[in-house]
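Hi everyone, thanks for making time. Could you put the model up on the screen, please?

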Amino acid sequence: MISQFLTADTAEQAVGMKEIGGLFLAGGTEINRLGAENTADTLISVRRIHQLKTVDIHDGSVHIGSGLTFQEALEHAGVPAYLKEALRFMGSRTKRNMATIGGNVAVRRTDSYLLATLTSVSAELVMMDHSAQVYRISLDDYLKDTRCAGDLILRVVVPETVDFAASKRYANTVESHSGLVVSMAVRGGRFRIGLAVRDCGLYDAVSLAGACEADPAITEEALLAQVVGTGWITQDSRVYGSAAYRNYLIAVTLRRMLDELLKGGRS
């Protein structure tokens, strides 16, 4: 139950309020709901903070305010098409009008709509810590370092353009939690692959990306052997399918993305 609700007008004010504990509140779709991992009796609303709602483009990067909702990002001309593809994975417009970019990153869910895509494009985060110091960190390091978890995400930074990017989500329905999200991006000849596997983990699939980069004509069978070799998916799921099936989905999806790349698709 919420016992204290605070509202911040600036990022500095928000992190100052956080000294007493609690959670930042933006969209609120992941806080204090049934079965949620993120619960608190003190909430700090950051909805009024203007700097969290902007989109700026400079030096080949797009700086997306963490407080931008999925729908606002979809409607903004400056947000790259490859990210809009992932934003559309959230099928409910009602939820898209509430859920924010920063919130989806901060909760680190293994069925995240965005984290696989953001991993594949080497996204970075601009953060503010408890002492109001601003720092920049790669998404990879943020996901590995739980010490950053309580800091405020100011902006998500992604490339304005990439040579190729594609994402695919697997779920029972458009409203269901995803069982798997596969993302591939190519920039300057370098491949990166991000995976979000429900109840297993979020993965920067370095070995898979290396195999695809070394031989974009790699067979589906060779990809499957690589996927199985990671050991990431070993448990069957009554909801999301067997481990063998999900490993197969990753391999076949990557092969189809490579086919699209070789045909000159998506840029």
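Some housekeeping before that. This is a predicted model, where local features need pLDDT of at least 70, side-chain atom pairs count only at pLDDT 80 or more, and totals for chains, interfaces and linings use all residues. Residues are numbered from 1 along each chain as its sequence is written, and side-chain values use heavy atoms, with hydrogens and water left out.

Okay, sheets. When I say helix or strand, I mean DSSP runs numbered from the N terminus: H or I with at least four residues for helices, E with at least two for strands. Two strands pair if DSSP finds at least two bridges between them.

There's an open sheet of 3 strands, ordered β1-β3-β2, and its pairing is parallel. At its edges sit β1 (4–7) and β2 (23–25), each pairing on one side only. From one strand to the next, the twist averages 30 degrees. Axes here are lines fitted to C-alpha atoms, for helices over the stretch in contact, and angles run from 0 to 180 degrees between N-to-C directions. Between β2 and β3 (residues 42–45) there are 3 bridges, in the parallel sense, and Phe24 stands opposite Ile44 in β3.

Then we have an open sheet of 5 strands, in the order β4-β5-β8-β6-β7, and this pairing is antiparallel. Which strands stand at the edges? They're β4 (55–58) and β7 (134–138); each has a single partner strand, so one side of each lacks a neighbour in the sheet. The twist in this sheet averages 25 degrees from one strand to the next. Further in, β5 (residues 61–65) and β8 (residues 152–159) run antiparallel and are joined by 5 bridges, with Gly65 partnering Arg155 in β8.

On to helices. The axes of α8 and α9 come within 10 Å and cross at roughly 160 degrees. So α8 is roughly antiparallel to α9, going by the rule that angles under 35 degrees count as roughly parallel, over 145 as roughly antiparallel, 65 to 115 as roughly perpendicular and the rest as oblique. Where they meet, Ser207, Leu208, Ala211 and Cys212 in α8 face Leu223, Gln226, Val227 and Thr230 in α9; contact means heavy atoms within 4.5 Å.

Now α10 (residues 243–262). At 1.5 Å a residue, its 20 residues should span 28 Å, and the end C-alpha atoms are 29 Å apart, which agrees; the expected span is 1.5 Å times one less than the number of residues. Its buried residues include Leu249, Ile250, Val252 and Leu254. Buried means under 20% relative accessible area, exposed over 50%, partly exposed in between, using a 1.4 Å probe and protein chains only. What do those buried residues pack against? The answer is β9 (164–171), β10 (178–187), β11 (190–197), α8 (206–214) and α9 (220–230). Just after α10, Gly264 takes a positive phi of about 85 degrees.

Last, two residues. Asn104 sits in α5 (residues 101–106) and is buried at 10% relative accessible area. Leaving out residues up to four places away in sequence, Asn104 touches Phe70, Ser112, Tyr113, Leu114 and Leu115.

Tyr142 belongs to α7 (residues 139–144). Buried or exposed? Tyr142 is buried, with a relative accessible area of 1%. Beyond four places in sequence, its contacts include Val105, Arg108, Met127 and Ile153. Arg108 is 34 residues away along the chain, yet the C-alpha atoms of Tyr142 and Arg108 are separated by 9.8 Å.
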